Amino acid sequence: MILILSHKSYEQGTDPVLEWLLYYKYPFRKIVIEDLLTTHLLIDSQKGEVTLDGVNLTKEVHTVFYRRFKKNLSVYNGIDLGNVTNKINKESNIELNAVIDFLFFLLKDKLWIPQTTAFSINKEIVLFTARKLGLNVPRSIVTTSKSELIEFKRQVKDVIYKPFELISYYETGHYTYSCYTTPLSKAAMNRIPIKFFPSLFQELIDAEYEIRIFYLDGHFYSSAVLRPQFSNEHNVDIKLDFDKIETDWVAYELPNEVKEKIKQLMNTLKLITGSIDIIKCKDGKYYFLEVNPVGQYLAPSYLCNYNIPKIISEWLIEKDKNMKI
């Protein structure tokens, strides 16, 4: 049996895979974090077994497909006690995550995609490792000093800034504000104080086009994202241009040399899968930007006719059968 750990609501990296598992009539169980509060959960510490609604996961499950499972819940639904309510919810989530960690420990011998150690990886550690393996990566610094930032900008000319780890969004009234990779303008530089919160700044690569890659167990499904060269209106962060009619997605074949270095990187990071961003520079060089172990892939899958959900489902079925044997 395949265990799916995901969101309660629709998740574009999960649900299309489940549709294929249903088509193949292969046994699986999807669990969301809310299930731990509403279903019959039993973790027997003596036997080292996890049972959920009568299903012994430690015995029945052989492969685990992890998709953004953990999150904070509003556990307490009683009378609003202000700060006390907040403290109850905070401590309840700490307790719940401790239960989840133990559950993961008892399932550690299963085949995980991705592995539990890769749920969250540090961008700068990945870039440092990629550089050591011979991949081109943009120059970057993490600093709290405006003078250091000015010197860095002098060296690389154009600079972008982006979240170090979490790309989140904020809701205020009827508006939602999100974080994107943004060029460091002269006006923004003037507003920056002498000292500031530790922040990540990176060299802006003069891109001919960007390449999105879904990587699975040594196989590459690459898509070049083409935007009109004559237009200066496109955004640095391509997520802002996904829906523009001028943006084209084209199936792409990476050079073998780049593929081999990425395979080395994924093996070093112990990643079976991931969504990878690369820039093809106007000078012909390929620059590695980042890898997200649980990144999205549905847009390039659909636009380039890769049918990645089907590929993932068949891979999971094959691995689950092998693990069972």
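In this predicted model, strand S6 (63-66) and strand S17 (273-281) each contribute at least two residues to the lining of the largest cavity. The largest share comes from S17, with three residues. In total, 15 residues line the largest cavity, and those closest to its centre are Phe65, Arg67, Phe214, Thr273 and Pro293. By class, this lining comprises nine nonpolar, five polar and one charged residues.

The structure contains two cavities of 30 Å³ or more. Helix H4 (residues 83-106) provides the largest share of the lining of the second largest cavity, three residues.

The second largest pocket has 15 lining residues, and Tyr161, Lys162, Ser199, Leu200 and Phe201 lie nearest its centre. S13 accounts for the largest share, five residues. The lining of the second largest pocket is made up of eleven nonpolar, two polar and two charged residues.

The volumes of these spaces are listed below.

| Space | Volume |
|---|---|
| Largest cavity | about 80 Å³ |
| Second largest cavity | about 60 Å³ |
| Second largest pocket | about 290 Å³ |

Conventions:
Residues numbered from 1 in each chain as written. Predicted model: local features only at pLDDT ≥ 70, side-chain atom pairs only at ≥ 80, totals over all residues. Heavy atoms only, no water. 1 Å grid on protein atoms, 1.4 Å probe; cavity = no way out; pocket = protein on both sides within 12 Å on 5 of 7 lines; lining within 4 Å. Points joined across faces, edges and corners; volume = space filled by probe spheres on them. Helix = DSSP H or I, 4+ residues; strand = E, 2+ residues; numbered from the N terminus. Nonpolar A, V, L, I, M, F, W, Y, C, P; charged D, E, K, R; others polar.
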